[in-house]
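Please look over the sequence and the structure shown here before reading on.

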Amino acid sequence: MNYDIKDIKLATSGLNRIEWAERQMPVVTKIRERFRREKPLRNKRIAACLHITSETANLARTLSAGGASVFLCASNPLSTQDDVTASLVRDFRIPVFAIRGVNRQKYYQHIKSALSCGASGAINSPHITIDDGADLVTMVHSERREMVKTIIAGMEETTTGVIRLRAMERDNALLYPMFAVNDAQCKYLFDNRYGTGQSTMDGILRATNILYAGKIIVVCGYGWCGRGFAMRAKGLGARVVITEVNPLRALEAVMDGFEVMPMRKSLKLGDVFCTLTGNTSVIRKEHFLLMKNGAIVANSGHFNVEIDIPALEKLSKKIKKNIRTNVDEYILKNGKSIFLLGEGRLVNLACAEGHPATVMDMSFATQALTAEYAINNVGSLEPKVYPVPTEIEDWIAKLKLATMGIKIDTLTEKQQKYLSSWCEGT
Ligand SMILES: NC(=O)c1ccc[n+]([C@@H]2O[C@H](COP(=O)([O-])OP(=O)(O)OC[C@H]3O[C@@H](n4cnc5c(N)ncnc54)[C@H](O)[C@@H]3O)[C@@H](O)[C@H]2O)c1
């Protein structure tokens, strides 16, 4: 088996973590049991570019139980859990091409290896691609267009990736069908909001051990991730300031009880700044210069472009790396220090363990069932961005509730009739 990981000897710790995550992933476990019996993904090759965490390992096991050959690479150079990759190789015979902290060249080499389904020499095409940030899709469209003949469909896990796919669709550049898994309610309502919300807080805490109570935390972007983080920071007693560019989202933040102001005004106030926008250069040169001495800066959006790190480097007379684990101190020429967490990469994965398994259960159940759906509907899909079918979402929500021991009401016949009629008035 062809693979590239840090150290196979880390496998036992990885296995413990995979099994720990599995305990919180009853929906994925249920799907895996059925997949093992029915083998709906038999003889299919799946290339997946995801954050390689213990939760992702449980998705990979599930796809593999369904009969697929799964090839994994990382969707961010700092999000790989090296013990998990070791266990995937040793215990589950799943080839992984990912090592935490690799340089850009190696990172892309790993993407190519997973996309070629581990083949050395001749290139093997996948039938399904799964992305978190569109790296596989981009590589297929730019360098490996011949693979399109074999690919049935792709799935996209995150907001930033879906934005790119929609841009490709708009420009008629998309070459194969894609499913916007991120846009499924059973994904973004929980994963982006509660998952990113809690784990972003966790990443900042693990890196700095600051007390949130009384701090002024500036949250840039009040989307699903920003809402989640703002809610949790407030819960710990922080004074939360929101910056936004979308008037509706800004209004929502005001009515949710947060201070809303332009970035420039927040600079003199903020103790901690965290970007969650999916946009570029949200914190840049003119902002660093006005921040308080000792300001902490982090990003939880997909790419490390939300904070202009090259500008921060240029403003600095000295950079002290790793003054704590995952904390770099930039000493500016104006004498102030700014602390950057996790090199400006997703702070929840670079400085903590990413989303809790409970929410990844729903995200990855969606991935697994959508892969099955795509295979069952081969031939009827076009190169477009598709939503996840509602039946899949309903099934996951029902099962998740059941596994939590929560029952809900059902519509009576009279209510069903009332809701579907247009004749009844006051
Ligand atoms: N850290 C994680 O594990 C994780 C998980 C899910 C999504 N993400 C990523 O987080 C980012 C945000 O995702 P989302 O689902 O919240 O997206 P979203 O579209 O719901 O929200 C983004 C918000 O940022 C705002 N924004 C854009 N530019 C801005 C600027 N210059 N200043 C202030 N606000 C600005 C937008 O108006 C929008 O309200 C994406 O890159 C997504 O891929 C990260």
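How many residues surround the ligand, and which are the closest? In this predicted model, 26 residues surround the ligand, and the closest of them are T158, T159, T160, E244 and R249. The protein itself is divided into domain 1, which covers 8-183 together with 377-403, and domain 2, which covers 194-350.

**The ligand and its polar partners**

- The side chain of R249, one of the closest residues to the ligand, places an N or O atom 2.8 Å from an oxygen atom of the ligand.
- N348 also takes part through its side chain, where a polar atom lies 2.8 Å from an oxygen atom of the ligand.
- In the case of H302 a polar atom of the backbone is involved, and this atom is 3.0 Å from an oxygen atom of the ligand.
- When the ligand is taken alone it exposes 860 Å², and the protein buries 88% of that area.

- The centres of domain 1 and domain 2, taken over C-alpha atoms, are separated by 30 Å, and the contact takes 13 residues from domain 1 and 10 residues from domain 2.
- Between them, domain 1 and domain 2 bury about 950 Å², with 60% of this area on carbon and sulfur atoms.
- On the side of domain 1, N76, L78 and T160 supply 44% of the area buried against domain 2, which is more than any other three residues; T160 is also among the residues closest to the ligand.

- Sorted by class, the side of domain 1 that touches domain 2 has 8 polar, 3 charged and 2 nonpolar residues.

Key
Residues numbered from 1 in each chain as written. Predicted model: local features only at pLDDT ≥ 70, side-chain atom pairs only at ≥ 80, totals over all residues. Heavy atoms only, no water. Domains from an automatic or database assignment. Contact = heavy atoms within 4.5 Å. Buried area = accessible area lost by both parts, 1.4 Å probe. Nonpolar A, V, L, I, M, F, W, Y, C, P; charged D, E, K, R; others polar. Near = heavy atom within 4 Å. Polar contact = N/O pair within 3.5 Å; in protein donor to acceptor, adjacent residues only side chain to side chain. Areas by Shrake-Rupley, 256 points an atom, 1.4 Å probe, with all protein chains shown as cover.
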